[in-house]
Amino acid sequence: MKKLFPSANEALKGIVQDGQLLAVGGFGLCGIPEALIEALKDSGVQNLTVISNNAGVDGFGLGKLLESRQIKKMIASYVGENKEFERQYLAGELALEFTPQGTLAEKLRAGGSGIPAFFTKTGVGTLVAEGKELREFDGETYVMERALQPDVSLVKAWRADHSGNLQFRLTARNFNPAVAMAGKLCIVEVEEVVETGAMEPDQIHLPGIYVHRIVCNPTPEKRIEKRTITEKAGA
């Protein structure tokens, strides 16, 4: 099966639709599928529910889809630096399901592992647990969380081979493997595509069985969300 597509727009063609549940990898602006997000914006699909740790920043990453009003609901753990995200939520224009960060990661991992639900202590006694099943184990109370299985996952990796085996780079790995595993259909943006067999087995962080389509974006912008520098002493 041919997995490599000539562009992000082609990779999304015939896949994304109005009203879908999507998951997008990344943490802040680290490891986000920039080209696929731009192609999703160009597709014009509407009323999306998007699972992501956060929603980028104003004018970049998922922030572009908020500005174009293509997202109706976010399932996220952090509003972050995105003022438009904050404004839409406080104005009642955007639905938001706040989820503790570790719980969000596990909901995605569980969705990709065939586990429909799990119990965690995180959120017990808070708004997070309202309306959810509580159960006691060994004298402790746990809340049941349902797994997430998005219709489409958009993922960023460093390298892929033609079979879809993926290698991530350093902290850009973040949520991407769990997002890739969870999606019913996974589209991956990479900086380099190599021949199958060119990567050493230990370099493969996620097997190609989870990957359906690949697009190569060799020169992503890779913005820095918040730059911090240390001045020299005495300067």
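Tyr 89 lies in helix H4, residues 83-90. Helices (H or I, at least four residues) and strands (E, at least two) are DSSP runs, numbered from the N terminus. The model is predicted: local features need pLDDT of at least 70, side-chain atom pairs count only at pLDDT 80 or more, and totals for chains, interfaces and linings use all residues. Residues are numbered from 1 along each chain as its sequence is written, and side-chain values use heavy atoms, with hydrogens and water left out.

Tyr 89 counts as partly exposed, at 36% relative accessibility. Buried means under 20% relative accessible area, exposed over 50%, and partly exposed in between (1.4 Å probe, protein chains only). Together with Leu 90 and Phe 98, Tyr 89 makes a nonpolar surface patch of about 330 Å². Patches are made of residues with over 30% relative accessible area and no salt bridge; like charges are joined within 9 Å, nonpolar side chains (Val, Leu, Ile, Met, Phe, Trp, Tyr) within 5 Å. Accessible areas come from the Shrake-Rupley method with a 1.4 Å probe; for residues, only the protein chains shown count as cover.

A salt bridge is a side-chain nitrogen of Lys or Arg within 4 Å of a carboxyl oxygen of Asp or Glu. An α-helix has 3.6 residues a turn, so residues three or four places apart point the same way. Lys 83 is exposed, with a relative accessible area of 56%. Glu 86 is partly exposed, at 35%.

The structure holds 15 salt bridges. One of them pairs Lys 64 with Glu 38, the closest N and O atoms being 2.4 Å apart. This pair links distant parts of the chain: Lys 64 belongs to helix H3 (residues 63-67) and Glu 38 to helix H2 (residues 34-43), 26 residues apart. Lys 64 is partly exposed, with a relative accessible area of 23%. Glu 38 is also partly exposed, at 26%. Glu 133 forms a salt bridge with Arg 135, with 2.7 Å between the closest N and O atoms. Salt bridges that share partners join Arg 69, Glu 84, Arg 87 and Glu 93 into one network. Glu 133 is partly exposed, with a relative accessible area of 35%. The value for Arg 135, likewise partly exposed, is 40%.

Glu 34 is found in helix H2. At 14% relative accessibility, Glu 34 counts as buried. Its side chain reaches the backbone nitrogen of Lys 222 at 2.8 Å. Such a polar contact is a pair of N or O atoms within 3.5 Å; within protein, one must be able to donate a hydrogen and the other to accept it, and residues adjacent in sequence count only if both atoms are side-chain atoms. Glu 34 touches Phe 60, Glu 189, Pro 220, Glu 221, Lys 222 and Arg 223, residues up to four places away in sequence not being counted. Contact means heavy atoms within 4.5 Å. The C-alpha atoms of Glu 34 and Glu 221 are separated by 7.8 Å, although the two residues are 187 apart along the chain.

Gln 20 is placed in the loop between helix H1 (8-12) and strand S2. Gln 20 is buried, with a relative accessible area of 10%. The side chain of Gln 20 reaches the backbone nitrogen of Gln 17 at 2.8 Å. Beyond its neighbours within four places in sequence, Gln 20 is in contact with Ile 15, Asn 47, Leu 48, Thr 49, Asp 151 and Val 152.

Helix H5 (residues 101-112) has 12 residues. From first C-alpha to last, H5 reaches 17 Å, close to the 16 Å expected at 1.5 Å a residue. The expected span is 1.5 Å times one less than the number of residues in the helix. Buried residues in H5 are Thr 103, Leu 104, Lys 107, Leu 108, Ala 110, Gly 111 and Gly 112. They pack against strands S2 (21-24), S3 (48-51), S4 (71-76), S6 (117-120) and S8 (140-146), and against helix H6 (176-182). Gly 114 follows H5, with a positive phi near 75 degrees.

Positive phi also occurs in residues other than glycine. Asp 138 has a phi near 50 degrees. Asp 138 sits in the loop between strand S7 (134-137) and S8, and is exposed at 83% relative accessibility. Leu 170 has a positive phi of about 50 degrees. Leu 170 lies in the loop between strand S11 (166-167) and H6, and is exposed, with a relative accessible area of 67%.
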